[in-house]
Amino acid sequence: MRLSVILATWLSSRGARTHTLGPVEQAVAARANHLSAATTYLKPLLSQNASVILPLDHDWDALQIRGTSPRVHPKFNAIVEAATEDDVQKTVQYASKFGIPFLAVSGTHGWTKTLNNLPYGIQINMRKINSVVVDPSGDTATIGGGALQWEANRALYAKNKQTVTALCECVSIVGPMLAGGHSMLQARHGYILDNLVSARVVLANGSAVTASSSSNPDLFWGLRGAGHSFGIVTSLQLKAYDIPSNWTVYTFIYNSDKLEAVLDVVNEVDGNAMRPANLVLSGVGTRIPPMDLHNPLIVYTVSYQGPEAEAAPYFARFKAIGPITIKPATNVNNVELYKINQNSLDSAACTRNKNSMGSGVSLPIWNTTAARAAFDIFTKMTSDPRFSQSVFLLENYGMQGVRAVNASSTSLSLEERQYPVVANPTIWWNGSAAIGQADAEAYGEQIRQALFSGLPKGANKHTYVNYAVGTENFNQMYGYDTTRLQRLKTLKKVYDPSNRFGFYNPVPLV
Ligand SMILES: Cc1cc2nc3c(=O)[nH]c(=O)nc-3n(C[C@H](O)[C@H](O)[C@H](O)COP(=O)(O)OP(=O)(O)OC[C@H]3O[C@@H](n4cnc5c(N)ncnc54)[C@H](O)[C@@H]3O)c2cc1C
Ligand SMILES: *[C@@H]1O[C@H](CO)[C@@H](O)[C@H](O)[C@H]1NC(C)=O
Ligand SMILES: *[C@@H]1O[C@H](CO)[C@@H](O)[C@H](O)[C@H]1NC(C)=O
Ligand SMILES: *[C@@H]1O[C@H](CO)[C@@H](O)[C@H](O)[C@H]1NC(C)=O
Ligand SMILES: *[C@@H]1O[C@H](CO)[C@@H](O)[C@H](O)[C@H]1NC(C)=O
Ligand SMILES: *[C@@H]1O[C@H](CO)[C@@H](O)[C@H](O)[C@H]1NC(C)=O
Ligand SMILES: *[C@@H]1O[C@H](CO)[C@@H](O)[C@H](O)[C@H]1NC(C)=O
């Protein structure tokens, strides 16, 4: 144990490391002996394929890069690349024993600034645990806790299967799942968490348990809605479905003066209970200077998993608004879909190491007056060259499948189960200047308030946990239903009494 103590002492003595290097590198060099001692003593506890990576090691810098670094920069002193569930357990046991903070990392795209509260500690990198297997029955797939969407989607596609994942290939399956998981398939099958059959979870005390409707059902309930606060998922079993058909995708580009007309059609189509569940509506406000020098445009995508003829009436509605361009794509398979919808690994959305910041707003319906006010702020913001690459997400993925699930069966908030609209100004900018961050936060907040000003009377303010910027209160993210909130707090006390999982929009302990 003497050597564990060396590691613990070293980790704690490193204190708060900032993401700007310099003096830190010197300090690191001075401690080189301790670093090798630490490596020597943690490594034998782990499986053959795991690694321990320290600041002088070759891979260190690459493993600090996040989707939205430098803005989001949890401060790590050591990285354990776990290769098995047992590696995760050993690392959590080790860290918990010495009070060393830790944080799991999968896709690196988490963007809430509460992640910056990690003062120092161990990155438990999950990426080696990335297997994807369609189970023999064909009705479920077992997916590693560190798998990314592209890995899961392509492995399933090879077996003519699909499961509910989110939209960007670069994001993990688990990250979105733990608080929802908005998806192109949600109108048919619910959110990702509604498709969770069981999960293996490493708890704060290092035990590994199965969470399902029959095993630790209370944990299973908490995991599906507030999962980031309860443990590390090492593998999960999701329902799998036969791929029914290819997709037809129409992309319309409108001048910004069509905003109201577009949102009116969206409200009408999406608000119709008979809307097809395989119809997905989503768009962005974005600048495309060659097409419009002065204003952002609206790029609106209507996707339909089925033949073009079936979706023709919906395409016609959007065509009638008068777009500048229409780009149809037919016979799009489940892999090409990500390219067409600009969510593939090489898309702008998947860019890493560049500040991006969302300030998500979920709404019961589009209020075009409020949306216009928000869009005007977005227009002003993107006329500032620093923020010109920002986008304004206008999402209506469809709700039948989400609403069909018994709301008491998961911890997900009632607002998240009901509100069909997600508006999310996503602000992109370069560099680590404080002024850039302050200005981005101010714009994000103004846009958010403009959207909230259009809430129907009595409707609660809601932000999707995974789109939160990190300033929201408990109610705004987890709901207003006091029984549900109390149950979450009670579970937190049982499963994580020392708040080890307290860095991602956490459920408060008290
Ligand atoms: C480009 C982009 C596209 C997005 N698209 C969607 C979308 O279509 N639908 C949607 O619902 N959301 C979407 N989101 C939001 C997304 O759900 C969150 O950003 C999510 O936290 C990302 O997870 P990650 O693993 O990629 O990031 P990470 O930063 O690696 O992880 C995020 C959080 O999850 C924890 N975590 C990671 N792995 C595990 C694990 N195995 N067990 C337990 N905790 C773990 C981390 O500790 C951290 O707190 C998107 C975000 C971005 C940036
Ligand atoms: C280690 O990884 C290699 C390559 O991915 C794999 O073939 C091997 O089975 C792994 N070993 C163990 C013990 O899991
Ligand atoms: C789906 O599209 C692919 C091409 O992307 C094509 O090869 C395949 O035959 C299509 N499948 C069906 C069922 O039409
Ligand atoms: C941000 O930096 C990238 C890479 O250096 C550069 O290509 C891009 O033009 C910059 N964007 C802005 C808005 O400054
Ligand atoms: C919803 O789920 C709760 C808890 O699991 C259960 O008590 C209740 O009976 C269910 N309601 C319906 C309508 O199935
Ligand atoms: C729409 O939002 C505006 C404020 O932006 C508000 O005055 C109006 O009452 C809202 N309309 C509806 C129908 O809620
Ligand atoms: C770990 O925590 C869980 C949940 O509180 C508890 O059931 C279990 O007994 C604990 N295990 C150990 C080894 O303390």
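P70 is placed in the loop between β1 (51-53) and β2 (78-81). In this predicted model, a cis peptide bond joins S69 and P70, with omega at about 5 degrees. Most peptide bonds are trans.

**Backbone**

- The phi angle of N216 is near 50 degrees, a positive value in a residue other than glycine.
- Most residues other than glycine have a negative phi.

**Domains**

- The domain assignment of the protein chain gives domain 1 (3-125), domain 2 (132-243 + 487-495) and domain 3 (247-478).
- The centres of domain 2 and domain 3, taken over C-alpha atoms, are separated by 24 Å.
- The contact takes 30 residues from domain 2 and 30 residues from domain 3.
- On the side of domain 2 that touches domain 3, the elements that give two or more residues are α5, α7 (186-189) and α8.
- Of these, α8 gives the most to that side, with five residues.
- The residues of the side of domain 2 that touches domain 3 comprise 15 nonpolar, 10 polar and five charged.

**The sheet**

- Five strands form an open sheet, arranged in the order β5-β6-β10-β8-β9, with antiparallel pairing.
- At the edges stand β5 (132-134) and β9 (208-212), each of which pairs on one side only.
- From one strand to the next, the twist averages 15 degrees.
- Strands of a sheet pair through backbone hydrogen bonds, either parallel or antiparallel.
- Strand β8 (residues 196-202) runs antiparallel to β9, and five bridges join the two.

- Helix α8 (residues 217-226) lies across β8 and β9, and runs at about 80 degrees to β9.

**Helices α8 and α17**

- Helix α8 also meets helix α17 (residues 482-495): their axes come within 10 Å and cross at roughly 115 degrees.
- Because angles of 65 to 115 degrees count as roughly perpendicular, α8 is described as roughly perpendicular to α17.
- The crossing in which α8 passes α17 is left-handed.
- D218, L219, G222 and A226 of α8 make the contact with L488, L491 and Y495 of α17.
- The residues of this contact divide into five nonpolar, one polar and one charged.

**Helices α9 and α12**

- Helix α9 (residues 259-271) packs with helix α12 (residues 368-383) at an angle of about 135 degrees, and their axes are 10 Å apart.
- With this angle, α9 and α12 are oblique to each other.
- The crossing of α9 and α12 is right-handed.
- In α9, L259, E260, L263 and D264 meet T368, A371, R372 and F375 in α12.
- The residues of the contact of α9 with α12 include four nonpolar, one polar and three charged.

Technical notes. Residues numbered from 1 in each chain as written. Chains lettered and ligands numbered in written order. Predicted model: local features only at pLDDT ≥ 70, side-chain atom pairs only at ≥ 80, totals over all residues. Pairing = 2+ DSSP bridges. Helix = DSSP H or I, 4+ residues; strand = E, 2+ residues; numbered from the N terminus. Axes fitted to C-alpha atoms, helices over the stretch in contact; angles between N-to-C directions. Contact = placed C-beta atoms within 7 Å. Domains from an automatic or database assignment. Nonpolar A, V, L, I, M, F, W, Y, C, P; charged D, E, K, R; others polar. Parallel < 35°, antiparallel > 145°, perpendicular 65-115°, else oblique. Left-handed = near helix turned anticlockwise from the far one by under 90°.
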